[in-house]
Amino acid sequence: RKAIGLRIRESKEVYEGEVAELVVEETQDALATAYGRSISHVLLTLKTTKGTKTLKLDPTMYDSLVKEQVQQGDVIYIEANSGAVKRVGRSDSFATEFDLEAEEYVPIPKGDVHKKKQVM
């Protein structure tokens, strides 16, 4: 018998860090929702051990941020190519707020905010 093994490597560009600031910029729009406002863009500041970076996100990304229930102090990563947002957990610095909580606490990511990850 002979066996052939294949390993496929994919490199992804991701933005990873703790959410330091999340600002939703709105504009007046008569054709928009019942409130007459629409989201023009989202300013998201991510923080790692090496530094911080502010990203200007598309309004469609706001829906995925709301779906993942992202708030200040969460550790998230965003795929640059697809725009997929994944909430990893809550930052370690918020672990002492409550005695009992259902959150999973993760450390602040090391390195730069913008990374290239190898996925097998």
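This is a predicted model: local features need pLDDT of at least 70, side-chain atom pairs count only at pLDDT 80 or more; totals for chains, interfaces and linings use all residues.
Me: Why is E79 called buried?
Reply: Buried means under 20% relative accessible area, exposed over 50% and partly exposed in between, with a 1.4 Å probe and protein chains only. E79 has a relative accessible area of 18%, so it is buried.

Me: What makes E79 and K12 a polar contact?
Reply: A polar contact is a pair of N or O atoms within 3.5 Å; within protein, one must be able to donate a hydrogen and the other to accept it, and residues adjacent in sequence count only if both atoms are side-chain atoms. The side chains of E79 and K12 are joined at 3.4 Å.

Me: Which residues does E79 contact, leaving aside neighbours within four places in sequence?
Reply: Contact means heavy atoms within 4.5 Å. On that basis E79 is in contact with K12, E13, V14 and A84.

Me: Where is E79 found?
Reply: E79 is in strand β4. Strands (E, at least two residues) and helices (H or I, at least four) are DSSP runs, numbered from the N terminus.

Me: How do you know that β1 pairs with β7?
Reply: Two strands pair if DSSP finds at least two bridges between them. Six bridges join β1 (residues 10–28) to β7 (residues 114–119), and the two run antiparallel. In β7, Y15 has H114 as its bridge partner.

Me: How many bridges join β1 to β4, and how many join β1 to β2?
Reply: Five bridges join β1 to β4, antiparallel, and 10 join β1 to β2, also antiparallel. Y15 is bridged to I78 in β4, and E26 to I39 in β2.

Me: What makes a set of residues a nonpolar core?
Reply: The members are buried Ala, Val, Leu, Ile, Met, Phe, Trp, Tyr and Cys residues joined through side-chain atoms within 4.5 Å. The largest such core has 13 residues, of which L44, L46, L57, L65, I76 and I78 touch the most other members. β2 gives the most, three residues.

Me: Why does K117 count as lying over the face of Y77?
Reply: A charge sits over a ring if NZ of Lys or CZ of Arg is within 6 Å of the ring centre and within 35 degrees of the ring normal. K117 lies over the face of Y77, at 5.3 Å from the ring centre.

Notes. Residues are numbered from 1 along each chain as its sequence is written. Side-chain values use heavy atoms; hydrogens and water are left out.
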